[in-house]
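This briefing looks at one residue and its surroundings, and then at some pairs of aromatic rings. Please keep the sequence and the structure in view while reading.

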Amino acid sequence: MNVRFLTPAQRELDDAVEWYNRQAVGLGREFLDELDRAVRRAAVFPLSYPEIVPAVRRCRLSRFPYGLIYGIDGETLVIVAVAHLHREPRYWIDRL
């Protein structure tokens, strides 16, 4: 399955990596590795994660308080948001 990040989701990812890098050396890399594992899991098992709104699913990261918000468009996993789970819920809804 192909993977595509919407531009706002890519910015969220970049911002999160930058923030974690400021907290501790290498922590941004650890966040990126964890997100990569989540993307690969979602690409292999796209329907295994719960729908949070119709046709949109969330894969939670194990170590960090983030969720990968995605939809499926044919053979493409479309990442709608890299969402911090302790902030405003569903702020990304207008991206659909």
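Two residues are in contact when heavy atoms lie within 4.5 Å. The model is predicted. The points below cover Cys59 and its contacts, then the aromatic pairs found in a search of the whole structure.

**Cys59**

- Cys59 belongs to strand S3, which spans residues 56-60.
- Cys59 counts as buried because its relative accessible area is 0%, and the cut-off for buried is under 20%.
- Apart from neighbours within four places in sequence, Cys59 touches Ala38, Arg41, Tyr49, Tyr66, Gly67, Leu68 and Tyr70.
- Between Cys59 and Val82 there are 9.9 Å from C-alpha to C-alpha, and the two are 23 residues apart in sequence.

**Aromatic pairs**

- The whole structure holds six aromatic pairs.
- Tyr20 and Tyr66 are both buried.
- Phe31 and Phe64 also form an edge-to-face pair, with 5.2 Å centre to centre and 90 degrees between the planes.
- Phe31 sits in helix H2 (residues 27-44) and Phe64 in the loop between S3 and S4, so their pair ties together parts 33 residues apart in sequence.
- Phe31 is buried at 0% relative accessibility, and Phe64 is buried with a relative accessible area of 7%.

**Ring cluster**

- Trp19, Tyr20, Phe31, Phe64 and Tyr66 are linked into a cluster by ring pairs.

Conventions
Residues numbered from 1 in each chain as written. Predicted model: local features only at pLDDT ≥ 70, side-chain atom pairs only at ≥ 80, totals over all residues. Heavy atoms only, no water. Helix = DSSP H or I, 4+ residues; strand = E, 2+ residues; numbered from the N terminus. Buried < 20%, exposed > 50% of the residue type's maximum accessible area, 1.4 Å probe, protein only. Phe/Tyr/Trp six-rings, centres within 6.5 Å; stacked < 30°, edge-to-face > 60°.
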